[in-house]
Structures are given as C-alpha cells and as structure tokens.
Amino acid sequence: MDFRIGIGKIRVLPTPEQRMRTLAQGAEQAEAWAGKARAIAAPVLQTIYGLRRRLATALVGVVAIWLFLHVMFGANGTVVYRTKRSGYQALQKEISGLQKENAQYTDQINQLKTDPKRIEKEAREQFHYARPGEVVYVSPEAPAPPAPTSHSASR
C-alpha cells in the first residue's frame, strides 16, 4: 500500500494592493468602452429625443386605429353584435309564434276533451257523420295538375 499524500500546486493569492490595481485597470477599460459607445449612440439618441413628440403622436394614432378596428370588426365587435342581435330577434319572433300556436293546440285539445258541441263538429267534418234525416254532400277533390312533360327527353 501506498500512503503517500500528494500535494498539489500551491496557489499564492494576490495581495489586496494587487487586486485593487487589477480592478482599476478593468475599470479604465470599461470606462473607455462606455465612452466609445456613448459617442456612437449620442447622435441617434439626440435625433430620437428631437422626434419624441412626433413618435408619441404616431404611436397614439396607431393604437387608436387598432382599437377602432378591433371594436368594429373584432370577435365581439359591433358588426358581429348587430348580426347576433338580429338573429336573436328573429328567434324571439319564432318562439313567440310557436308559443301562440302551442296555446291554440292546447285550447283545441281541451275543447275536444270537454266540449260536446266541438266533439260533434269534428265527427261530422272528419267522418261525415249525420243525424237521422240529414244528407251529407261531399264535393270531389280537385284533380292534380298534369306533370310537365319534357320535350328534350323525347328527342
């Protein structure tokens, strides 16, 4: 067995003065780079700053136009709302008509269940019943019109 302990490289830490010099050199380089970037960006920033009112006005105009288009033609816009509202009104009219028709049928059913005069009237009309001594006249049904003939089929 080998019990030798290997000692790696010993690293010497820099002194605080050396660390400060390294930081100072890095700071000088960062300041130089920032100065160059500022010199390049300064004309562009001055132009944008001079046009800020025009840019803000244009931005507000674009937002207003987008908002108008969204309100008018969006998924829940005015155009869609009007279409849905007219469909709703048509359905309400249809429901009202069907409720009236249902009420008429209900009234007719109740009369047929309870009113003897109504029962007699229906029996006379549908089954051609008659009281003794009465004669029932039935008119023949109108003949159906002839079907149109196609001349092109006979050629």
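This is a predicted model: local features need pLDDT of at least 70, side-chain atom pairs count only at pLDDT 80 or more; totals for chains, interfaces and linings use all residues.
Trainee: OK, salt bridges. How many does a search of the whole structure find?
Mentor: Five. A salt bridge here is a side-chain nitrogen of Lys or Arg within 4 Å of a carboxyl oxygen of Asp or Glu.

Trainee: Which residue does R131 pair with?
Mentor: With E120, and the closest N and O atoms are 2.6 Å apart. That pair links distant parts of the chain: R131 is in the loop between α4 and α5 (151-154), E120 is in helix α4, and they're eleven residues apart. Helices are DSSP runs (H or I, at least four residues), numbered from the N terminus.

Trainee: What about R124, which partner does it have?
Mentor: R124 forms a salt bridge with E134, with 2.8 Å between the closest N and O atoms. R124 lies in helix α4 and E134 in the loop between α4 and α5, so the pair ties together parts that are ten residues apart in sequence. R124 counts as partly exposed at 27% relative accessibility, and E134 does as well at 37%.

Trainee: Which residues are linked in a network of salt bridges?
Mentor: E120, R124, R131 and E134. Leaving out residues up to four places away in sequence, R124 touches Y129, R131 and E134; contact means heavy atoms within 4.5 Å.

Trainee: And how far is R124 from G61?
Mentor: They're 79 Å apart in space, C-alpha to C-alpha, and 63 residues apart in sequence.

Trainee: Back to α4. Where do K121 and E125 come in?
Mentor: Their side chains meet in a salt bridge at 3.9 Å, N to O. They're four residues apart in helix α4, so about one helical turn separates them. K121 is partly exposed at 42%, and E125 is partly exposed at 48%.

Trainee: Is E122 buried or exposed?
Mentor: Buried, with a relative accessible area of 15%. E122 lies in helix α4, residues 116-127, and touches L112 and F127, not counting residues up to four places away in sequence.

Trainee: Switching to aromatics: how many pairs does the structure hold?
Mentor: One aromatic pair. The ring centres of F127 and Y129 are 5.7 Å apart and the planes are at 35 degrees, so the pair is tilted. The rule is that rings of Phe, Tyr and Trp (its six-membered ring) pair if their centres lie within 6.5 Å; planes under 30 degrees apart count as stacked, over 60 as edge-to-face and the rest as tilted.

Trainee: Are F127 and Y129 buried or exposed?
Mentor: Both F127 and Y129 are exposed.

Trainee: Last one: which residues make the nonpolar surface patch?
Mentor: I65, F68, L69, F73 and V79, making about 520 Å². Patches are made of residues with over 30% relative accessible area and no salt bridge, joining like charges within 9 Å and nonpolar side chains (Val, Leu, Ile, Met, Phe, Trp, Tyr) within 5 Å. The areas come from the Shrake-Rupley method with a 1.4 Å probe, and for residues only the protein chains shown count as cover.

Trainee: Which helix gives the largest share?
Mentor: Helix α2 (residues 52-73), with four residues. V79 is found in helix α3 (residues 78-114) and is partly exposed at 41%.

Definitions and conventions. Residues are numbered from 1 along each chain as its sequence is written. Side-chain values use heavy atoms; hydrogens and water are left out. Helices (H or I, at least four residues) and strands (E, at least two) are DSSP runs, numbered from the N terminus. Buried means under 20% relative accessible area, exposed over 50%, partly exposed in between (1.4 Å probe, protein chains only).
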